[in-house]
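Please look over the sequence and the model shown here before reading on. The report that follows begins with one pair of residues and then widens to the whole chain.

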Amino acid sequence: MALMNGGEVLARALLQEGVRWVFGVPGAQPITFTDAIARVGRPNGMDFIMTHHEAAAAHMADAVSRSSDMVGVCLGTVGPGAANLVTGVYAAYNDSIPMVVITPQIHSNRSYPFKGSQQELDQIHLFRPITKWNGLVNRYDRILDMVRWAFREATTGRPGPVHLDFNVDVLFGNGEVAESEFISPQRYRAVERPPGDPGLVTEAVEMLLQAEKPLIHCGGGVMRSKAWDVVRELAEYLQIPVTTSVAGKGTLPEDHPLLFLVKGMGAIMAESTSDLVLNVGCTMSELDFWGKPNMWGEPAAQKFIYVDIDPSKIGLNREFDLGIIGDAKKVLRQIVDAVKQKTGPVTQRDFIADYRELEEQTLNSYAEMAASDAKPIHPMRLISEAVESLSRDGIMVMDGGNTALWTNIAGRVYQPRSFLFAKGTGQLGVGLPYALGAKIANPDRPVYILHGDGSFMLNCQEVETAVRLKLPVIDIVSNDSAWGMIKGAQHAAFDHRYCGVDFCDIRIDLLAESMGGRGIRVESPDEIRPALEEAAASDRITVIDAAVDREANLDVPVLFGMIVDLWLQGCDSPYCGLEE
Ligand SMILES: Cc1ncc(C[n+]2csc(CCOP(=O)(O)OP(=O)(O)O)c2C)c(N)n1
Ligand SMILES: [Mg+2]
């Protein structure tokens, strides 16, 4: 038995889970916890990572989970700290990212319903709609089982962020805990995920083998279950084309002969004309056009199989022919093994060439912009040149409005868990903290950010965090001095009548330098490459502040119209008829 305070019990429980970093802004109420991290955590490989804003701390924890097998953990103090965490937790929640959020709560004798304490805030209700589960720890002797509960919820089934609220008297309280009470995760939560029902797997195999134009469509579930190798095995064995949702980017390298780029014209052709879709770990949400015709096939002509760990997602948006509840990797393994017993490899499917031709035609239509020598720089030139020069081994972080759309056209992801974007929220400002979290979890891999100036500014203060922690990420800012995507929307709908979209010309390079980072201002196309080379060689964060053509950044052909149509579906919209 050892005497320890509640903060130490919590720190030791996190150590049992292999937690290496707690991201946050400190406060008085969690002081026994941060002290325990310094005293007990540090000698055992766990440390506190201070940020300047709690939202950035939550984004960094989220990025650890997105880019590794670890579960990110973040901390915000009671009241304002907790409130500041919200945007970061929300982005993780909408993308089903496992994460543990820790907040202190005021003393239990004046907790909810409140009496007028400073910083009082009903954090349980605040976080409830943006967490998979949350709970108040109001007794010292419940710390361990509540932490176990939190990790159980965060990691099993469909993952997600969870939240633990600790009364401050619990964190300051003392008690005796035996070493044997700190048990390993394998003894309190299921680490194995379930395979699919064998009868349903057999049916899926029959359907796959009978299909003439099959397609595999992969979502974020493939990333969570690490199913990418088995997707590839199945696709290559049967020569099945593969498309992905935004969250599934990186399932196959984006220059693989069977892979079609997210919502490129080749993918749209495949998705609308296949006679069978094997949909793995994907909700078929808005950015997948809800799985509905005419972006997808009519249900009578296109059979649909859902594979998902979460039964509530199966058939949510698209009627289907077969639903298999199970872990993506395990179910695909079952399918591949059965396919190999029944048939030899397929060598070629001619229709794939049609998809490729259409994809290339559309990509070629951007070639001129990508090669533009104009000054100010065309945003497509900046993004294309950046993407081409960056390593295949890199982790790409995308953040921004139209900058993200250009990146969607030019960007290529070559490895799984290597593309970070707040897909389910479109949350701006994630770029820098996502990159820092990914770099901390993957110190040997290059990490680069492509974002808009508005997005950079939302969390620009974290340049100091990158400098302090010696995280040499490459931060490429497309600077159009505007919320370009919204300005573009106002331009299209209201003919130059703008409201709340223009900034002053911010010298983002100087801002980075002021915090100890390297800042490089780029104003003409021939300066892009040397800046990228300098950034790649640098041992500290480099922010490339590229002044781009403000007019050219207002409108991203094709994609912009598609996105606006999605968002405003069902509205009496001022965009109607604009395309004619
Ligand atoms: C936190 C947040 N606030 C507002 C929005 C709405 N929004 C979507 S795109 C956009 C403009 C983005 O500007 P910037 O990052 O500079 O990229 P650009 O479009 O100029 O390339 C805004 C304000 C959002 N998605 N997230
Ligand atoms: Mg901008």
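## A pair of strands

Leu450 has Ile476, in β17, as its bridge partner. The strands concerned, β16 (residues 447-452) and β17 (residues 474-479), pair in the parallel sense over five bridges, where pairing requires that DSSP finds at least two bridges between two strands. Helices (H or I, at least four residues) and strands (E, at least two) are DSSP runs, numbered from the N terminus.

This is a predicted model, in which local features need pLDDT of at least 70 and side-chain atom pairs count only at pLDDT 80 or more, while totals for chains, interfaces and linings use all residues. Residues are numbered from 1 along each chain as its sequence is written, and chains are lettered from A and ligands numbered from 1 in the order in which they are written.

## The sheet

An open sheet of six strands runs in the order β15-β14-β16-β17-β19-β18, with parallel pairing. At its edges are β15 (419-420) and β18 (518-522), each of which pairs on one side only.

## The whole protein

The secondary structure of the protein comes to 23 helices and 19 strands. Its radius of gyration, taken over C-alpha atoms, is 25 Å, close to the 25 Å that the globule rule (2.2 Å times the number of residues to the power 0.38) gives for 580 residues, so the protein is as compact as a globular protein of that length. Along the principal axes, the C-alpha atoms fill a box of roughly 70 × 60 × 50 Å.

Of the 580 residues, 53% count as buried, meaning that 20 or more other C-beta atoms, placed from the backbone, lie within 10 Å of the residue's own.

Definitions and conventions: A residue is buried if 20 or more other C-beta atoms lie within 10 Å of its own, exposed if 12 or fewer, and partly exposed in between; C-beta atoms are placed from the backbone.
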